[in-house]
Amino acid sequence: MADLGAISLWIALALTVYSTVGSVAGKLRVSPALVESAQSAVYAAGLVLIVATLSLVISFISRDFEIAYVAAHSDLAMANRFTWVAFYAGNEGSLLYIATVLSVMSAIAVWRAPKALKEAMPYTTAVLMLVLTFFIAVMAMMANPFDKLPFVPLDGEGINPLLTHFGMFFHPPALMAGLICITVPFAFAVGSLLAGQSGDEWVDAGRVWGIIAWALLASGLLLGSWWAYTILGWGGFWFWDPVENAAFMPWLALTAFIHSIMVQKRRGMFRMWNIVLINVAFGLALYGMFMNRGGSVPSVHSFGASQLGWVFLMFLAIGVIVPFVIFIWRYPLLKSAQNLDSMLSREAAFLVNNLLFLAIAFVTLWGTVYPLISRLMTNEEITVARPFYDQVNGPLMLALVLLMGVGPLIPWRKAGLANVRKTLIPPVVGGLLTVAILAILGLHKDYALIGFGLSAFVTTGILMEWYRGTRSRRRSSKESYVTAFIRLIMANRPRYGGYIVHLAVVMVTLGIVGTSFFGVQKDVVLSPGQSVQIEDYDLVFLGTVETPKANRTEFTSTVQVFRDGDRLETIRTERAFYPSFNMASTRAAIRSTPVEDLYIVPSENLPDGSVGFRILVNPLIWWMWVAGPVMLIGTVIALWPQNIRVFVPAQSSHRNVSRPLTA
Amino acid sequence: MVFPLVVVVSFLVLSVVYIERLQAQTPEIEKGSFSEREAQNIDRMIMCPVCPAETIDQAQVQISQQMRQIVREMLAEGKERQEILEFFVDRYGQDILGAPPKTGVNLVAWVTPAVGVAGGLLAVFFILRSMTRREPTNGSSELIQDAELIPYLQLIDRHLDMTRFSNQVDDIIEPSNARMDISERKE
């Protein structure tokens, strides 16, 4: 199996090099046959990489400890389902995962490429295959997952206990897939620039792939937060850790991109800006992958120091500089087709949105590099961590939430001030009313009032839009409210799918505001039989059971939860100690409700049977995890292809309406 | 006319003021007792010296437990937040704090983002202004002053968009809906 895998890697490398060179040569020498064969090589490379992937999976399942990577990341005690996690637990395997995902995505992108991009596709293919070549070459030459040990150990070292969690099945693969997926819209953009196409041809494909990458990254980030919340045992979900930031920054740039690409799609504007944005997103994605592998900043996420760092840094430099040169070269092609009609228009709102997203990305990048800058300036070590990001990015994020409420209510082109004022009245009233009610109820935390008020503002705006649309459909077609609502959403999917995603963002905002400003936390040591009070909960610690397992000792503690004298629940929370890693992993017991989470995690087991607990009451965090599925539904609706049946009658009757005006 | 910009700027200013107020809200401390919330706030400003990128509030290792204890003891002695932070800086160096101090050279860390955002806002403003003042490239861009006409113009836009991307149109609304939109706004 090891040999099959290693050989596959080299074949894949040959195929991608051929495909890169072949498509450019075929294009320049006007040889359609060569271009076509280069495209076939894309599909072939995908297949060969899948073979390599499968051979590593089989090696894991058969515990072929002769392969160094298998020996380092699994042992006999590991359940087979964790093969999926062990696969990308280390540097080599994660590279193989990334390469395979990129090859499959490239194959789909090449296969489904729109006809309008025919001229650009050879270049796009070459860009995709060049990036893939880099990953395969690094693997084959520097970090081969199929390298063999000189001897066969009896047992492997085992999987990192922090990774044996449900969230780990999705969080790292979603993030890695999202990061590498940015290559596809980037390749479309660079491809059409190289081919000299003026700009709008790549927009549809770029938008679809951009949204796919965005959704993958967003799911990955949310799942990672959820994982941190349930397993890291401090009750929070976001570190502002350098590697988290590295995944967060490309997501921010992509969010800006998928908004501003709509302006180009609708109005033919912001052509240069979209190219810049997708380049920035790609650069940040490369930076993220670099941070994971030998970046200079310590982190809980990194794969440890490796000599891969400088290779990635070189590729990062190339990946930023070369597209920039192409951009300058093709600059004259990118003139806007239209002018901006007014500063008060959706186009302008989108630009402000872009600014805010990039500002947050910039602050995050600034915080990541500031320690290096400070060392150069003053020779003094400085840390930039959570307190900094909370203070600087917090207001920027609230500003974004505000804009999220205003932007969708402003029409394209030019808004009449009176009109906008009229549409803004209900949301503003909704927001102010919320603030007033909360203040009367005795809430006096300013920041929280702003957060809740803004959430209400945005939600009211979206609901009003839905209500207005549904009402007018219902009046014209006599449909029931439900049918009218569903048809409304289906008739303009990017828009209404986007609104659903906006609602999910409001839910995340609620969770963040709730936990940041109303969370209550207590650290206590309890011996069996003792009880503790937190908020209106009474907790009674019953005792701990110790269970020795093959690679760990599990401590299961049982706690009874009372509220107002009624027993609500008996919950169990777990702490396991892994002697071979000298590491403990915890499972928090979480009683989750839409109002608040009661969160209990054991932080240490003392010899006398007493246990140190951290207990938290986290209001509204439930909404944050529910936001994930809501966001995915919105994304799927936004991406779902508009079917022709809706389009044809729309066009004919549009003509009736607009003919007298255009004539 | 720069409505979104004005809103965003004023909001930013407001929230900065609010942060200052929040930070100024140091709880009153009686002798011997202290606010656990203040202790936790301080925990969140101090990095764990042995674990990467974790504050002592997050880290579960022994040293961070001891440091949390020291924070509480000092609070009980009536020490202020600033004194406690200085205590740890004296022992571990400046990098024990989670954020650069807002003094001296390190002010750069705080000022740069603000300058960046302000510069960005200015840039956006001037870009937008130059885009609106540019000579129209096609005849249709004459500024329309009559707000009543806007829904019709939007309809034409949609129609034009449709012919521009006739292979895939997704941002149109259905005809019945569009018609109703107009009649509704006339009301």
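A residue is called buried if 20 or more other C-beta atoms lie within 10 Å of its own, exposed if 12 or fewer do, and partly exposed in between. The model I am presenting today is a predicted one.

Is A:Ala77 buried, exposed or partly exposed? It has 13 C-beta neighbours inside 10 Å, and therefore A:Ala77 counts as partly exposed. Leaving aside residues up to four places away in sequence, A:Ala77 touches A:Gly158, A:Ala550 and A:Asn551. As for A:Ile615, the C-alpha atoms of A:Ala77 and A:Ile615 are 32 Å apart in space, and the two residues are 538 residues apart in sequence.

I turn now to two strands of chain A. Strand β7 (residues 589-592) and strand β8 (residues 596-605) pair in the antiparallel sense, over 4 bridges. Which residue of β8(A) is the bridge partner of A:Ala589? The partner is A:Ile600. A hairpin of 3 residues joins β7(A) to β8(A).

Finally, I come to chain B. Chain B has 7 helices and 0 strands, so that its pattern along the sequence reads α-α-α-α-α-α-α. Of the 187 residues in chain B, 26% are buried. Among the contacts in chain B between residues at least 6 apart in sequence, 44% join residues at least 24 apart.

How values were computed: Residues are numbered from 1 along each chain as its sequence is written. Chains are lettered from A and ligands numbered from 1 in the order in which they are written. This is a predicted model: local features need pLDDT of at least 70, side-chain atom pairs count only at pLDDT 80 or more; totals for chains, interfaces and linings use all residues. Two residues are in contact if their C-beta atoms, placed from the backbone, lie within 7 Å. Two strands pair if DSSP finds at least two bridges between them.
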